[in-house]
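Me: I would like to go through the terms used for this structure and check each one against its cut-offs. Can we start with how packed helices are described?

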Amino acid sequence: MRKISESEQNKTLISGKGEMQSDWSRWFPLVQWLKDYKKETLISDSVAGVIVAVMLVPQGMAYAFLAGLPPQMGLYAGIIPLFIYGLLGSSRSLAVGPVAIASLMTGEAVSSFAQSGTELYIATAMVLALLTGLVLLLMYLLRLSALVNFLSHSVITGFTSAAALMIAVSQLKYVFGLEVERGDHFFGTLLNLLDGLPGTNLATVLISVLSFLLLWYCKQHLARVLRVIGISSGVADALAKAGPMFAILGGVLVVAVFELNQGHGVSIVGTIPAGFPDFQLLPFDLQWWQKLLPAAVLIALVGFLESVSVGTALASKRRERIKPDQELLALGAANLGAAFSGAYPVAGGFGRSMVNDASGARTTIASLITATGMTLTVLFFTSWFYFLPKAVLGVIVIMAVLPLIDLTGIRKTWRFNRADALTLAVTFVSVLLMGVEAGLIAGVVLSVALLLHRNSHPHMAVVGRVGDSEHFRNIERFDVQTNPGCLGLRIDENLYFANTRYIEDEVMVIVSRQPNLKHLVLICSAINFIDASALETLEMLRDNLKESGITLHLADVKGPVMDQLQETDFIEHMSPGKVFLSTHEAMQSLCEG
């Protein structure tokens with residue numbers, strides 16, 4: 001037996017080490033990025049991580065409030081989930097944590113099981129995070145990342161616009177300092193709000209107005225003003241993005257100094273527990289979990305779609321790509337982390353991700369730094385927020401979701417495609433009338449129904465020759481030459497069971513209008529697939545035309561389709577019909593030959 005040399009042993013060791021590193025990189029993309037990690041990259045990640053942490057503290061509390069949960073749960077949602085995503089995520093810039101839409105959906109789902117503020121309500125939100133994580137992990141195992149393609153752009157636009165409107169209206173009771181019940185749907189909440197307006201708290205309204213003006217000024221003008229007085233662009237932009245934190249600190253200071261919570265009835269957050277919650281096993285009740293599962297599926301789909309959309313957009317700026325399946329794994333694990341660390345469902349946030357990228361995030365080390373900042377906040381600074389007015393959190397949420405109401409997209413969709421506009425409108429109205437879950441399902445069902453209707457009624461065009469060229473175009477759109485004895489018919493869709501009856505009826509109607517017709521050429525340039533039902537219809541069409549003295553021919557048949565037909569006796573029984581390579585060859589041979 002040949003003795004292995006020392007050099008060959010070294011090569012084997014190196015090869016094994018490389019394979020091990022490759023496996024680690026496949027599961028943990030951060031390992032690959034750390035190979036070329038530099039001091040400058042760490043500085044960029046650190047700046048981005050700190051800026052996002054400053055944003056996430058007020059947003060986390062505000063979004064938890066939106067879900068009807070204690071504010072500390074929003075802080076917890078920015079710790080363990082971010083650590084997990086930082087290790088597993090494939091997007092360098094995606095900022096995971098509590099987001100507005102998922103918070104609204106969580107509140108909608110959990111409120112049907114328990115009263116807000118109770119232990120059962122909190123436990124239900126944590127179970128919902130667990131189920132959301134399990135759904136995402138199941139999608140990862142089954143490689144179902146393409147499942148979100150069933151959520152069309154129209155459905156998402158209608159859903160997010162309606163959800164944003166619902167969120168904004170739900171926060172108005174805090175803006176006006178009202179004690180009103182949440183309605184069963186958007187209009188119920190709005191009516192309750194209008195009924196309660198006589199009890200408006202003027203001190204609370206004043207705080208809300210000042211908070212709104214401060215946020216608006218920071219967003220629109222602060223960075224420019226700071227650059228004018230000589231502050232660097234990077235620092236100026238960072239300070240401008242910290243508007244929510246300024247609003248929180250200002251609100252805390254005003255309430256504490258003037259004791260507005262006691263003398264003027266301004267509602268405050270109160271005591272926020274310091275430190276981490278105890279790790280706990282979640283209660284298992286199969287019937288309870290089954291009732292929560294539909295909401296978990298929708299939260300998983302919407303959260304994944306939002307995360308992948310933002311991650312893809314940011315990655316494309318660097319000419320990179322994210323891995324959707326890896327994102328399923330990372331988001332699924334992050335939601336499991338949220339469930340067992342006292343939080344609720346999380347996803348990739350649009351606004352924070354954009355800030356993370358603009359602030360210089362190069363890798364998910366930025367997420368780890370954000371999570372570290374959130375950890376320090378939970379450990380040492382929660383007492384600072386005792387006097388925080390709930391009105392400030394309400395204004396922060398409203399300012400965050402208003403850009404989600406996409407009026408431009410709605411107008412554009414209406415001008416471009418009325419069917420998509422109908423889907424958008426139905427989704428929008430359904431969400432407002434029936435709630436986020438039922439409204440989203442209604443939009444998906446309608447979009448799929450319209451898709452099936454379009455596919456079952458494919459576009460068909462009679463074509464003629466353009467001048468003396470070899471091009472053939474639709475006779476209804478171009479000035480073309482035709483022959484009464486020879487007709488070219490283009491079918492712009494695959495042939496399958498859902499549209500074969502329609503195609504057969506349309507062909508016979510078109511043929512009946514041509515009394516001198518001898519040859520019918522089916523142009524197959526747009527056909528990529530023919531199923532068994534369509535083949536049977538073609539056979540019947542061929543025979544019916546032959547009885548009427550008309551010969552069926554095919555042209556521009558694609559290779560895979562031709563392979564399908566050659567496995568049958570269809571072409572053999574077409575005689576004297578032929579299969580032509582091109583429309584020009586068919587029309588020249590039959591009409592001019």
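Reply: Angles under 35 degrees count as roughly parallel, over 145 as roughly antiparallel, 65 to 115 as roughly perpendicular, and the rest as oblique. The angles run from 0 to 180 degrees between N-to-C directions, and the axes are lines fitted to C-alpha atoms, for helices over the stretch in contact. This is a predicted model, in which local features need pLDDT of at least 70, side-chain atom pairs count only at pLDDT 80 or more, and totals for chains, interfaces and linings use all residues. Residues are numbered from 1 along each chain as its sequence is written, and side-chain values use heavy atoms, with hydrogens and water left out.

Me: Why are H3 and H12 called oblique to each other?

Reply: Helix H3 (residues 39-66) and helix H12 (residues 243-258) pack at an angle of about 60°, and their axes are 7 Å apart. H3 and H12 are therefore oblique to each other. Helices here are DSSP runs of H or I with at least four residues, strands are runs of E with at least two, and both are numbered from the N terminus.

Me: Which residues of H3 and H12 meet, and what makes that a contact?

Reply: Val54, Val57, Pro58 and Met61 in H3 meet Pro244, Met245 and Ile248 in H12; contact means heavy atoms within 4.5 Å. By class, this contact of H3 with H12 has seven nonpolar residues, no polar and no charged. Ala, Val, Leu, Ile, Met, Phe, Trp, Tyr, Cys and Pro count as nonpolar, Asp, Glu, Lys and Arg as charged, and the others, Gly among them, as polar.

Me: What is the handedness of the crossing of H3 and H12?

Reply: H3 passes H12 in a left-handed crossing. A crossing is left-handed if the near helix is turned anticlockwise from the far one by less than a right angle, and right-handed if clockwise.

Me: What makes H7 and H14 oblique?

Reply: Helix H7 (residues 119-141) and helix H14 (residues 286-317) pack at about 60°, with axes 8 Å apart. H7 and H14 are therefore oblique to each other. H7 passes H14 in a right-handed crossing. The residues of this contact of H7 with H14 divide into 20 nonpolar, two polar and no charged. Among those that meet are Leu120, Thr124 and Met139 in H7, and Trp288, Leu292 and Phe304 in H14.

Me: How do you know whether Ser112 is buried or exposed?

Reply: Buried means under 20% relative accessible area, exposed over 50%, and partly exposed in between, with a 1.4 Å probe and protein chains only. Ser112 has a relative accessible area of 58% and is therefore exposed. Ser112 lies in the loop between helix H6 (100-111) and H7. Ser112 and Leu292 are 180 residues apart in sequence and 9.8 Å apart in space, C-alpha to C-alpha.

Me: What does the side chain of Ser112 reach?

Reply: The side chain of Ser112 reaches the backbone oxygen of Ala109 at 2.7 Å. A polar contact is a pair of N or O atoms within 3.5 Å; within protein, one must be able to donate a hydrogen and the other to accept it, and residues adjacent in sequence count only if both atoms are side-chain atoms.

Me: Why does Thr160 count as buried?

Reply: Thr160 counts as buried because its relative accessibility is 19%. Thr160 is in helix H8 (residues 153-175), and a polar atom of its side chain lies 2.8 Å from the backbone oxygen of Ile156. Not counting residues up to four places away in sequence, Thr160 touches Ile101 and Leu404.

Me: Why does Leu30 count as buried?

Reply: The relative accessibility of Leu30 is 6%, so Leu30 counts as buried. Leu30 is found in helix H2 (residues 29-34). Leaving aside residues up to four places away in sequence, Leu30 touches Gly86, Leu87, Thr363, Thr364, Ile365 and Leu368.

Me: Why do Glu259 and Asp556 count as partly exposed?

Reply: Glu259 counts as partly exposed because its relative accessibility is 48%. Asp556 counts as partly exposed because its relative accessibility is 23%. Glu259 lies in the loop between H12 and helix H13 (260-263) and has a positive phi of about 50° although it is not a glycine. Asp556 lies in the loop between strand E7 (551-555) and H24, with phi near 55°.
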